[in-house]
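Have the coordinates open beside the text as you read.

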Amino acid sequence: MAAVDISLPALPQGWSAEKDYKVLSALSSATQRNIEPVGPHFLAHARRKRHNRTFSEDDRIQAQKNVKKVDEDEDDEISEPEDPMMLQRDAKDWKNQDHYAVLGLSKYRYKATPEQIKRAHRKKVLRHHPDKKAAAGQTDENDSFFKCIQKATEVLLDPTKRRQFDSVDEAADVEPPTKKQVEKGKFFKLWGPVFKSEGRFSNKQPVPVIGDENSTEEHVEEFYNFWYNFDSWRTFEYLDEDVPDDNENRDQKRHVERKNANARRKKKTEDTARLRKLVDDALAGDERIKKFRQAKRAGKDKKRLEKEAEAKRLAEEKEQARLEEERKKKEAEEAAKAEREQNKKSKEAAKNAAKKNKRVLKASVKDVNYFAEGGDASAAQIDTVLGDVEAVMGKITPEELAALASKLSSAGTDAGAVKAAYTEEAKRLISEGKLKESEVKVFV
């Protein structure tokens, strides 16, 4: 260890402890507290002292207990007997192995969570790791099944690879029941698991359930419409033939890729046809469909009988009311004829009044010499004024026409009053949007 010589800085000149020392704070009084030995490290220390163990001995014994505890805790959840034939599998043939069975998750399959897969992997590794076998005195150096475990874990923990494997996992399929199996009262019990199994491939979630005998017609229609328009994510890449990695033989690589693509399309088509037949079979055996059809037929028969009875009643009433109807019809025709004649006279009177009022409007501008000053009005002046008069007359109702004619009659030959009456009416029509300002030239 090297000694370092460091000198303290010199105090400022004139500094003294009595003059420059200041008390900034004080220590609190002491408090008596009890300290108890607790925690995992104290327990480990006490365990080693009690059993007179070293650190390494205690760690080894605790590890063995933890392994045993893991095995006991997981026995009921992710444990199943191992098939002796499966233990002899060749790791190279991993594509044909059941990854879920290798990890002891056969009863879970596509429902297994990532946490369950990790725990199953850990349990299998603790049992089949080559080092553990060697420590147990097993001389078998074949670690093929351990490689199968590693491959199964790799596939099932990768979302893409797992989806590809689940797409072709026939062990998760539920075979549809036959007609003989579908007995009365067992239709839903047998078909429910089938649709639940097929529903794992649906892009649309949640998948509607099959229901029961009390399901409504709307629910049943929605269920079968969903399956007849099923949107499946199922793919078949897992069954692809391995593409050669040799970059020199590119033609062979393209050939294999095209072959795989064609095979996937064919399997997809076959799977769609299979699912359609499955839904057809379920629909054909669904008693609810028959019940709904019978109810509709009964409803139609009831409506037909009611319709026939109603028709008979109406025929009788029609016969009884025929004479009264003819009498009323004759009276109505006579009244209508009288009303038409009266309306005709009224229309003719209104038409004549409108013609008379229009003559008044045209005469009013004529009487004031078409607003010309000092001499006869020119042809252009006459056309302009009459054009404005026509524009106003074309936009007003007969009542408004009569009111305007009355004003003009009162104005007489007063050119200012006549023009003011027209201008007022034109501005009103313009403000109401019935007349455009560009359509009049004089009355603005």
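In the contact between α8 and α9, E154, V155, L156 and L157 of α8 meet P159, K161, R162 and F165 of α9. Contact here means heavy atoms within 4.5 Å. Helices (H or I, at least four residues) are DSSP runs, numbered from the N terminus. By class, the residues of this contact are five nonpolar, no polar and three charged. Ala, Val, Leu, Ile, Met, Phe, Trp, Tyr, Cys and Pro count as nonpolar, Asp, Glu, Lys and Arg as charged, and the others, Gly among them, as polar.

Helix α8 spans residues 144-157 and helix α9 residues 159-167; they pack at an angle of about 100°, with axes 5 Å apart. That makes α8 roughly perpendicular to α9, a label used for angles of 65 to 115 degrees. The axes are lines fitted to C-alpha atoms, for helices over the stretch in contact, and angles run from 0 to 180 degrees between N-to-C directions.

A word on the ground rules: this is a predicted model, in which local features need pLDDT of at least 70 and side-chain atom pairs count only at pLDDT 80 or more, while totals for chains, interfaces and linings use all residues. Residues are numbered from 1 along each chain as its sequence is written, and side-chain values use heavy atoms, with hydrogens and water left out.

Next, the domains. The protein chain is divided into domain 1 (84-168), domain 2 (173-285) and domain 3 (360-432), with bounds from an automatic or database domain assignment. Over C-alpha atoms, the centres of domain 1 and domain 2 are 27 Å apart. Eleven residues from domain 1 and 13 residues from domain 2 take part in their contact.

Now to the pockets. On a 1 Å grid over the protein atoms alone, a pocket is an open set of points where a 1.4 Å probe fits, with protein on both sides within 12 Å along at least five of seven lines; lining residues have an atom within 4 Å of a point. A volume is the space filled by probe spheres set on the points, and grid points are joined across faces, edges and corners.

| Pocket | Volume | Lining by class |
|---|---|---|
| Largest | about 1,000 Å³ | 16 nonpolar, six polar, 22 charged |

Which residues lie nearest the centre of the largest pocket? They are V174, E175, P176, R274 and L278, out of 44 lining residues. The helix that gives the most to this lining is α12, with ten residues, and α9, α10 (187-198), α12 (250-285) and α13 (287-320) each supply at least two. Domain 1 and domain 2 each contribute at least three residues to the lining of the largest pocket.

The second largest pocket is lined by 16 residues, and K95, Q164, E237, Y238 and D240 are the closest to its centre. Here too α12 gives the most, with four residues, while α8, α9 and α12 each supply at least two.

The peptide bond from Q205 to P206 is cis, with omega near 0°, and P206 sits in the loop between α10 and α11 (217-228). R109 has a positive phi of about 50° although it is not a glycine; R109 belongs to the loop between α5 (99-102) and α6 (114-128).

Notes:
Angles under 35 degrees count as roughly parallel, over 145 as roughly antiparallel, 65 to 115 as roughly perpendicular and the rest as oblique.
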